[in-house]
Amino acid sequence: AALEARRPVVALETTLVAHGFPRGEGAAVAAEAERRVRVAWAVPATIGVIDGRICVGLEEGELQRFADTPDARKVGPRDLAACVAKGALGATTVGATLAVCRGAGIGFMGTGGLGGVHRGWGQSLDISADLGELARAEALVVASGAKSLLDVQATSELLETLGIPVLGWHTDEMPLFYRAGGGPPVTARVDTTQDAALIAEFHWRLGRHSAVVLAQPPKESLDVDSLVDEAVQTAEQQGIAGPALTPFVLARVHEASGGRTVEANKKIVVENAALAAEVAVAYSKLT
């Protein structure tokens, strides 16, 4: 109904709910993100696959199911059809969520961090499918840069190659997820939601059928680079790669930081959802 009435709608993913936080905690984070979207006068649409049905917008009990089910499948764009056909429970990544957004006609999304080019990509060619969907989805995605376990410089270079603008929210640098500064330069700095909405509108009016990334730095920086490096090395030693890598590294870093990164991650997800809603509202006034 909101889409038909051309009201601002903000998509939210479910991988964060199922795999981004300790068991059971993701539902509360998702509910708070949805609340912040509503407070900004937009409509939240949390996306996931439930028993083979792609659902755009979830009920409270469904959010809790993702948070409580350890074997919820992590679903990227390539996995959507198989997850539906097998009647499975699937938590959508940024890429899969954007793929659903293209079908549903949703143009705004909030998330924590983007997937991108993994460390050691020269040997493994491990590059997140998030980037492929960002290259073909006309959506503005608010994130705190790329996930900290990635090769951020290489991710920035590939975003440029794919023609995906990265706007810095009150910053000239791409944030490093937990850390506000120190990343590569952004395409342009924006200081108002109207500026962000206007750049997105011009981008799409120029026939650029790709996403626009709005990178919002965390309000409180954490320097946990050494913990991330250690967790990535441990994953390599144990042969953990592919979809299992990010949940493994996050869990190790959360434990090593004494829970500080868990709380930081919660704030990042919620604040990015709120900003996505504010930009969506500003965009609706333009059009």
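Valine 166 is in contact (heavy atoms within 4.5 Å) with Leu159, Met174, Val186, Thr187, Ala188, Val213 and Ala215, leaving aside its neighbours within four places in sequence. The structure is a predicted model, in which local features need pLDDT of at least 70 and side-chain atom pairs count only at pLDDT 80 or more, while totals for chains, interfaces and linings use all residues. Residues are numbered from 1 along each chain as its sequence is written, and side-chain values use heavy atoms, with hydrogens and water left out.

Val166 also belongs to the largest nonpolar core, a set of 36 residues in which Leu80, Leu98, Leu114, Leu134, Leu159 and Val166 have the most contacts. Such a core is a set of buried Ala, Val, Leu, Ile, Met, Phe, Trp, Tyr and Cys residues joined through side-chain atoms within 4.5 Å; buried means under 20% relative accessible area, exposed over 50%, and partly exposed in between (1.4 Å probe, protein chains only). Among the elements that each supply at least two residues of this core are β1 (9-12), β2 (43-50), α4 (80-85) and α8 (152-161). Helices (H or I, at least four residues) and strands (E, at least two) are DSSP runs, numbered from the N terminus. The largest share, six residues, comes from α5. A second, separate core of 27 residues includes Leu12, Ala40, Ala273 and Ala277.

Glutamate 34, in helix α2 (residues 26-39), counts as buried because its relative accessibility is 7%. Not counting residues up to four places away in sequence, Glu34 touches Leu12, Pro44, Thr46, Leu58 and Leu63.

Turning to helix packing, α10 (residues 225-237) and α11 (residues 245-256) pack at an angle of about 135 degrees, with their axes 9 Å apart. Axes are lines fitted to C-alpha atoms, for helices over the stretch in contact, and angles run from 0 to 180 degrees between N-to-C directions. The two helices, α10 and α11, are therefore oblique to each other (under 35 degrees is roughly parallel, over 145 roughly antiparallel, 65 to 115 roughly perpendicular and the rest oblique). Residues making the contact include Leu227 and Val228 of α10 and Phe248 and Arg252 of α11.

Finally, the loop between β8 and β9 holds phenylalanine 177, a buried residue with a relative accessible area of 5%. Histidine 170, found in the loop between β8 (166-169) and β9 (188-190), is partly exposed at 41%.
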